[in-house]
Amino acid sequence: MHIGALVIHIAQSVSLTYLRQTSNLRIIHPPNPWVKYDDPCSTTLFYACVYKERTSREVCRSRIRNQRKVREIRKLNMVMEEEIVIVGAGIAGLATAVALRRVGIKALVLERSDCLRASGAALTLGPNAWLALDALGVAHKLTPRYPVRQKARMMNVATGEVQEVSLLRNNKGGPITVHRKALLASLAEELPSESIRFSSKPISIEAQAQEGPYTIGLEDGTVITTKVLIGCDGVHSFVAQKLGLAEPIYSGRMAVLGLAVFPEGHEVREDVLQLLDVGKRGGVVPLNDKEIYWFISFNAPKGEAIPEDPQEIQKRVIENYAKDFPPTYTEVVRHCNLSTLTMTPLRLRLPWDVIFGNISKGNMTVAGDAMHPMTPDLAQGGCSALEDAIVIGRHIGKSFIDNGKLVPAAVAGAIEGYVKERRWRAALLITASFMSGMAQAGGEGGWFMKMFRDSIFYRFLLRKFMGIADYDCGKLPLMDDQNKTH
């Protein structure tokens, strides 16, 4: 029996040596080889823990296999060493990883879900977002599939009055609404399959020195050390908590949104249709001949319960929130694919918390909603996340190219430059989005607020607010062939 165990131990040692030489894993030796295990050979199965799937659909298909691999990893005391770790595989996280890769830096993205999340159904991207996507090299994948939105029709539900607003921005085009899953897939395709580690929820972050490295403990028992840590983990960011950023606040409004599917085709022809009522605002945006993105936002007290059953949410929209809306709108809601339906409280981080708060410490920082959650009233949440990715890629990339590697002190200076560039821009976006939302909802302030919305905001101020999208976040630095990762 001792000879058999020794053979197994030798096989494991050879395998571990091979991994050390061909990857960036540092493996702590398995337990005593003389102890009998139920399945001693199973500890070598972790080699297979490489995600070969390149799209969210393929990743979801491999869910069972990946869960088995995670269980095998837990049997080893494994420490992974990375240059940069990004927490969160949403828009900000994937875009940041792509930006870094384009300047020659490999990053590992940790995603708590077992596949790419596509909550939100669709999102509208302004000219600033398309400049960022062009810098990332993915804009060409999306623009042929979706039309530019040229105008929006604003209907007062109470009076039936309709105003038409141009969405075109001089020579910079207009907004384009895309499937969220299409955007995520386009970004993920730019990354090696092993760059995204699913089912990976951080539960601890410890800094070993002021400028790192950082030790990240995952829920599955894995430990990762990294020189740079970037939190792109959403509104309730774990990394933002570690930085000491103040929690986002409730805006006083909730939103429901989803994707309606018409297998035989629909007859909605407007670029964008918005419906305005007291304290409510709904909208429909056709994505193609068979799909329509729809949303509604409304005033709601803090702590209002959100039903778990999507059918109950759909019923509330039809019978309560949108009961006075035209039949065209409720028909769209009835055709909603319930798997895309989302109801969420709208939150924002106070602008002064962004201006004066700890956006970074050493080589740890945040981006996207982890830095600047905002209301969706100017459609700048996803756009600003893409801006963040380019700016942080530009600053860290320049440091990397100048030094030939990631030097902690230099990277800390690069992150300071990123934060300095983004603070005031993010605060402006948060403020303008909140103010736009208040004006468009009409509030409950009676005739004055409705008059202000219909006669002043839409006629004179909306285009000024839309000008916030006329922003160029810049290009990524060029690198020579020696520094390229692909």
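Colleague: In what sense do strand β12 and β16 pair, and over how many bridges?

Modeller: Strand β12 (residues 249-261) pairs with β16 in the antiparallel sense, over 6 bridges. Strands (E, at least two residues) and helices (H or I, at least four) are DSSP runs, numbered from the N terminus, and two strands pair if DSSP finds at least two bridges between them. This is a predicted model: local features need pLDDT of at least 70, side-chain atom pairs count only at pLDDT 80 or more, and totals for chains, interfaces and linings use all residues. Residues are numbered from 1 along each chain as its sequence is written, and side-chain values use heavy atoms, with hydrogens and water left out.

Colleague: Which residue in β16 is the bridge partner of Val256?

Modeller: Met343.

Colleague: What is the order of the strands in the open sheet?

Modeller: The 7 strands run β6-β5-β13-β14-β15-β12-β16, with mixed pairing. At the edges are β6 (162-166) and β16 (342-348), each pairing on one side only.

Colleague: Switching to helices, which strands does α13 lie across?

Modeller: α13 lies across β12, β13, β14 and β16.

Colleague: Where is the kink in α13 centred?

Modeller: On Arg422, and the kink is about 30°. The bend at a residue is the angle between axes fitted to the seven residues ending there and the seven starting there.

Colleague: And how many residues does α13 have?

Modeller: Helix α13 (residues 408-441) has 34 residues and reaches 47 Å from first C-alpha to last.

Key:
Expected span 1.5 Å × (residues − 1). Contact = heavy atoms within 4.5 Å. Axes fitted to C-alpha atoms, helices over the stretch in contact; angles between N-to-C directions.
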